[in-house]
Amino acid sequence: MTRRIVYGAALVAFLAASALTLASIIIPRWISWDSQTASGSRIHYTYGLHKRCSSLSGTCAHFPEDADCHGGDRYFCSMWRSVGFLMNFAIVMEGMTFIAFLVVILGGKQMRQRGWKVVSCMLLLAGIIQCAGMSLIAFLYDNDDRFFPGWRLDTSWVFCTISWSVMVLSAAFISASAYLIAPEEGYELIPGED
């Protein structure tokens with residue numbers, strides 16, 4: 001039987017993970033490269049899901065643009081845009097999961113007794129979607145020619161990894177509590193109303 005405190009703890013962890021998901025989308029630092037010129041000035045490039053930034057120009061530009069997606073780069077662009085879609089879809093799933101949390105927590109004892117299945121499945125689905133996006137970035141990092149030695153997976157990738165890990169662990173925590181924790185005390189159900 002899952003108690004209100006279990007849902008509350010999982011909700012706090014979920015909100016923190018959702019903030020990391022949002023930060024990973026907004027901050028353009030999925031993959032980055034640092035170097036130093038002979039004169040000692042630092043060069044820094046970063047790729048985000050929707051922006052590419054350069055210290056040379058001091059600005060960020062939309063990425064990937066149509067000019068980046070011709071010939072052999074079509075594969076890269078398709079994969080990169082797919083990650084952007086997956087991460088945006090994960091945010092939508094997280095919004096739906098938040099609503100499910102509220103309905104279950106505020107819905108009374110019966111809702112908490114049965115709602116763990118819905119909340120756990122939604123957490124797991126949001127985590128799987130993010131894991132898929134994170135995995136595609138790692139695949140591109142390892143296999144695309146544009147990422148030569150010196151490039152590294154950066155802050156946004158780490159945020160995404162932490163976020164999906166917390167969501168999957170929260171789903172496991174809620175599921176385990178449904179089987180391991182004794183039911184809440186309170187009114188007895190009327191026979192036949194199960």
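Analyst: Let's start just past helix α2, where Gly 108 has a positive phi of about 100 degrees. Helices here are DSSP runs of H or I with at least four residues, numbered from the N terminus. This is a predicted model, where local features need pLDDT of at least 70, side-chain atom pairs count only at pLDDT 80 or more, and totals for chains, interfaces and linings use all residues. Residues are numbered from 1 along each chain as its sequence is written, and side-chain values use heavy atoms, leaving out hydrogens and water.

User: How do you know that the span of α2 agrees with its 34 residues?

Analyst: The expected span is 1.5 Å times one less than the number of residues. For α2 (residues 73-106) that gives 50 Å, and its end C-alpha atoms are 50 Å apart, so the two agree.

User: Why are α1 and α2 called roughly antiparallel?

Analyst: α1 (residues 4-26) packs against α2 at an angle of about 160 degrees. Angles over 145 degrees count as roughly antiparallel (under 35 is roughly parallel, 65 to 115 roughly perpendicular, the rest oblique), and therefore this pair is roughly antiparallel. By class, their contact (heavy atoms within 4.5 Å) has 13 nonpolar, six polar and two charged residues.

User: What makes Ser 18 count as buried?

Analyst: Buried means under 20% relative accessible area, exposed is over 50%, and partly exposed lies in between, using a 1.4 Å probe and protein chains only. Ser 18 has 15% relative accessibility, so Ser 18 counts as buried. Ser 18 sits in α1 and touches Glu 94, Ser 163 and Met 167, leaving aside residues up to four places away in sequence.

Methods:
Helix = DSSP H or I, 4+ residues; strand = E, 2+ residues; numbered from the N terminus. Axes fitted to C-alpha atoms, helices over the stretch in contact; angles between N-to-C directions. Nonpolar A, V, L, I, M, F, W, Y, C, P; charged D, E, K, R; others polar.
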